[in-house]
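Reader: Please take a close look at a single part of this model. I would like one connected account.

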Amino acid sequence: MKNIISLALLHLALSLTFLPVSHGRGANLIETTCQSTPFYNLCVRTLQSDPRSSSADVSGLAHIGADKLKAKATAALGQITGLLKVAKDPKLKMALRDCVDYYNAIIKYDIPVAIEAVAKGDPKFGVQGANDAANEADACERRFKNQPNSRISASNKAVHDLSAVVASIVQLLL
Amino acid sequence: MFYKGWYHFFYQYNPNAAVWGDIVWGHAVSKDLIHWLHLPLAMVADQWYDKNGVWTGSATFLPDGNIVMLYTGSTEEAVQVQNLAYPADPSDPLLIHWVKYPGNPVLVPPPGINKKDFRDPTTAWLTSEGKWRITIGSKINKTGISLVYDTKDFINYEKLDGVLHAVPGTGMWECVDFFPVSKAQENGLDTSVNGPGVKHVVKVSLDDDRHDYYAIGTYHDKNGTWIPDQPGIDVGIGLRYDYGVYYAAKTFYDQNKNRRVLWGWIGESDSEAADMQKGWASVQSIPRTILFDNKTGTHLLQWPVEEIESLRLKINEFNGVRIQTGSVIPLDVGPATQLDVVAEFKIDKEALEKTTGSNETFSCSTSGGAAERGALGPFGLLVLADDSLSEQTPVYFYIAKGSDGNLKTFFCNDQSRSSAASDVNKQIYGSFVPVLKGENLSLRILVDHSIIESFAQGGRTVITSRVYPTKAIYGAARVFLFNNATDASVTATLKIWQMNSAFIRPYPNDEKFLKDLKQM
């Protein structure tokens, strides 16, 4: 009896050791996946904050990342439209309006395309979408070069960095 | 393809947004590859086996003149399968309606192949046993491969044991194209042609870097394999069709004019936000003929189809214009947003000989662009430039002299100052271009607002760029000659034509119109 249990345990241990990465689960996969992104800590924190991540494969992690990105971008857009309502300076208003356009592109196009591309099996469009999201956030930040606005800056950086993370994760699927 | 008097173009289209998604088959027809008429969508995602996308496919002509179409569907579970379709009415020259074979899919991913790595079937060719053969790109880990299938009826297939070819490290092979080229003759060959005077080209679109690569080699019909002439520049690690923005290209044999014609997708280089506001994204290149370059033996030659010349209007000729080192010369051609430029450059021979060579390696993309001065380059043209040159896109040659005295010529497009806008691509594209003894440097450029297609040495090296000037537009756009070399003066001879616009007609929901059209 003891021998059978030992064998079973050994077998279990061996099969866990040799599980191919794409079927791996849990913290290990999150860590290895995040290692190929430019912002490891952000990546791990973000993915672990979603309960789905413990049983997701790389495609699943990409999807979770995209969902989190959408939430961040939506919050940033809310911030921007709020500021736009009370803004008086015409230059500031123009900059904010441009940012509304950039964030609309992220939320309406970049992220849905990324999710669809991963799901349907043509991930390079997902990489493109996520990279574009990072660029759009950068474009918004550039509009405030001469009028530093720390609240939007923090959001822009958060969206930019998470976009770069998502792009790297999707890149793994190529 | 060319069918009953019309050139047909089927393309990947998203009817709902200016980004990738919801992919269906768009369709347009033309008599001359230049003036097009939009037709209704040829195929939409209305079956379980293409619910998630009606993706790339290819047409094959049967000996009786009928067409079969094989295409990739992404099923409702996102599995990539191959499906058969054919014209609903072969007597309709416009081929408006298509029927999907009820027994689809005809091919599913074979064992050992990932269900998301199996797409883009090629045009079929006849084997010596009289069967039809196709190839489909895929990958195993990071090795790009092309699977081979034989069929007699396009419904039942036998998979060959090996692959057409494989190259490690290249990743997924998309849009594989496989076709013969004549070694000596200047015409195209039907896809089934084989023989001693023929070489075969394998072309792949690499998912990993979004570039199209090709290699020339020998096809072995018996076992369905292909060997490159030069493994050092094998598929995916060697030559590219185009060193700019050009992807998912495909050729077809045009039996109307006995030529092989290449189509390429030119994406945008701006942001999605801009595309959203434009309401559209992506264009097709002007179709190009493809020939084997028997002078180098290693390259293909691409050239805009001759029909483009029908758009030529007023010509301006400039003969023997001497461009001193460090100078810019305006060319008075009138509006400079739609141009066809044919140019030849002679570089000062003495300077070529006298200049000391160096060990430094040059590459367009890592160079400082047209502003970085070398002894023997850069020199060429500035297109889509404004009067003050605050915006400009240089299309140019750069000659590098090695320490052994050998000359190496590079051909580049410099987008770094192409626009005052900050959300556009500003890279420098380009590559080495073979220049043989006795050849002058020659250039052809098609300028079209935001698209620049440039061809060096008769099409040995080609670069397509998308630029988005904010000032050098419409009446304010200019074209200049320039020579930023330090040691050599250059003499240029050019012909520049104003180009007419090629109006594209929308699909009219008019039965009489269509009836008249079909009788043309």
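Author: B:Tyr13 sits in strand S2 of chain B, residues 6-13. Strands here are DSSP runs of E with at least two residues, numbered from the N terminus. The model is predicted: local features need pLDDT of at least 70, side-chain atom pairs count only at pLDDT 80 or more, and totals for chains, interfaces and linings use all residues. Residues are numbered from 1 along each chain as its sequence is written, chains are lettered from A and ligands numbered from 1 in the order in which they are written, and side-chain values use heavy atoms, without hydrogens and water.

B:Tyr13 is partly exposed, at 33% relative accessible area (buried is under 20%, exposed over 50%, partly exposed in between; 1.4 Å probe, protein chains only). With B:Leu41 and B:Val44, B:Tyr13 makes a nonpolar surface patch of about 220 Å². Such patches take residues with over 30% relative accessible area and no salt bridge (a Lys or Arg side-chain nitrogen within 4 Å of an Asp or Glu carboxyl oxygen); nonpolar side chains are joined within 5 Å, like charges within 9 Å. Areas come from the Shrake-Rupley method with a 1.4 Å probe.

Now the sheet. In chain B, 4 strands form an open sheet in the order S1-S2-S3-S4, with antiparallel pairing. S1 (2-3) and S4 (36-43) of chain B each have a single partner strand, so one side of each lacks a neighbour in the sheet. Pairing requires at least two DSSP bridges between two strands. S3 (residues 24-30) of chain B is joined to S4(B) by 5 bridges, running antiparallel. B:Val29 has B:Leu37 as its bridge partner in S4(B).
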